[in-house]
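Keep the sequence and the 3D view open while reading.

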Amino acid sequence: MVELTWYGHSTVWIEDSGTRLLTDPLLRDRLAHLRRRRGPVPRLPDAPDAVLVSHLHADHLDFASLRLLPAHTPLVVPAGAGRLVRRALGAAVPCVELAVGERTTIGQLTVTAVPAAHDPGRGPWSRHRAPAVGYLINGRASTWFAGDTGLFEEMAKLGPVDLALVPVGGWGPTLGAGHLDPADAAEAVRRAAAAHAVPIHFGTFWPVGCERFRPGLFLPPGDAFAHHAATVAPGTRVHVLDPGGSLTVRRS
């Protein structure tokens with residue numbers, strides 16, 4: 001059984017087998033030019049046993065949010081990201097780097113890094129690079145946290161999974177390469193043979209002033225994903241949550 005709360009964007013609290021994980025924490029109401037447009041600023045129920053970071057982009061690896069967590073909180077990051085993390089948070093931060101196919105044990109869970117098709121950089125202002133990853137979490141159930149990704153063939157090798165946390169949009173008026181739109185996200189859960197799916201990475205943050213331009217990219221992607229999945233992946237039960245919403249999934 002997996003219990004989860006989606007706090008918006010790619011931040012998800014996951015509890016399985018008594019172990020608590022937090023993904024890509026963005027625990028603030030603003031990030032540079034982005035503002036939280038929906039849902040409250042996250043209030044975590046407790047300290048996580050570990051944080052999973054999928055890639056280096058600032059809306060997924062937010063050091064200000066990580067500093068809000070206890071200093072001893074272990075971080076799991078893509079291989080090559082450790083130097084950047086330690087420079088920002090201190091050399092003593094517990095940090096495990098995983099390349100695709102590598103795994104670590106956290107409490108009662110096994111966490112394996114899996115591929116993701118996404119830009120490896122930190123941003124145009126930084127030379128730091130590390131290949132983006134997703135994570136496959138195995139405990140009483142199997143959960144695929146896709147991070148941020150486009151479609152890739154190896155998705156078919158991930159499943160079947162009990163739960164997929166899959167990005168279905170973005171944070172602005174365009175959606176570039178290395179992302180899933182609602183239709184592609186439905187194909188992703190079909191390939192991964194997910195019993196349940198929760199759309200993430202949409203409908204939370206939005207650039208200042210951009211709500212007037214292409215507003216259809218802000219709220220609709222979640223429902224559009226459910227619509228596409230009903231046709232493309234009818235065996236997947238989709239749960240469209242509001243930020244702060246929770247769900248319990250039992251092993252199929």
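Asp 181 sits in the loop between β13 and α3. Helices (H or I, at least four residues) and strands (E, at least two) are DSSP runs, numbered from the N terminus. The model is predicted, so local features need pLDDT of at least 70 and side-chain atom pairs count only at pLDDT 80 or more, while totals for chains, interfaces and linings use all residues. Residues are numbered from 1 along each chain as its sequence is written, and side-chain values use heavy atoms, with hydrogens and water left out.

Is Asp 181 buried, exposed or partly exposed? Asp 181 counts as partly exposed, at 30% relative accessibility. Buried means under 20% relative accessible area, exposed over 50%, and partly exposed in between (1.4 Å probe, protein chains only). Leaving aside neighbours within four places in sequence, Asp 181 is in contact with Val 168 and Leu 175; contact means heavy atoms within 4.5 Å. A polar atom of the Asp 181 side chain lies 2.8 Å from the backbone nitrogen of Asp 184. Pro 167 is 14 residues from Asp 181 along the chain, and their C-alpha atoms are separated by 7.8 Å.

## Helix α3

The buried residues are Pro 182, Ala 185, Ala 186, Glu 187, Ala 188, Val 189 and Arg 191.

What do the buried residues of α3 pack against? They pack against β12, β13, β14 (194-200) and α4 (221-232). After α3 comes Ala 193, whose phi is positive, near 50°.

Most residues other than glycine have a negative phi, and most peptide bonds are trans. Asp 24 is not a glycine, yet it has a positive phi of about 35°. Asp 24 is placed in the loop between β3 (19-23) and β4 (30-31), and it is buried because its relative accessible area is 0%.

Ala 32 also has a positive phi, of about 55°, although it is not a glycine. The loop between β4 and β5 (34-36) holds Ala 32. Ala 32 is exposed, with a relative accessible area of 59%. As for the peptide bonds, the one from Gly 159 to Pro 160 is cis, with omega near 5°. Pro 160 lies in the loop between β12 (142-145) and β13 (161-167).

His 118 belongs to the loop between β10 (109-115) and β11 (133-138). With a relative accessible area of 12%, His 118 is buried.

Which side chains make polar contacts with the side chain of His 118? One is His 55, at 3.4 Å, and another is His 57, at 3.2 Å. A polar contact is a pair of N or O atoms within 3.5 Å; within protein, one must be able to donate a hydrogen and the other to accept it, and residues adjacent in sequence count only if both atoms are side-chain atoms. Not counting residues up to four places away in sequence, His 118 touches His 55, His 57, Ala 132, Asp 148, Thr 149, Gly 178 and His 179.

## Val 85 in helix α2

Val 85 is part of helix α2 (residues 82-89). Its relative accessible area is 0%, so Val 85 is buried. Apart from residues up to four places away in sequence, Val 85 touches Leu 61, Phe 63, Leu 75, Val 77, Gly 90, Val 93 and Cys 95. Pro 40 is 45 residues from Val 85 in sequence, and the two are 27 Å apart in space, C-alpha to C-alpha.

## The chain as a whole

How many helices and strands does the protein chain have? There are 4 helices and 17 strands. The C-alpha trace spans about 50 × 45 × 35 Å along its principal axes. Of the 252 residues in the protein chain, 55% are buried.

Among contacts between residues at least 6 apart in sequence, 65% join residues at least 24 apart. A compact globule of 252 residues would have a radius of gyration near 18 Å, and the protein chain agrees with this at 17 Å. The radius is taken over C-alpha atoms, and the globule rule is 2.2 Å times the number of residues to the power 0.38.
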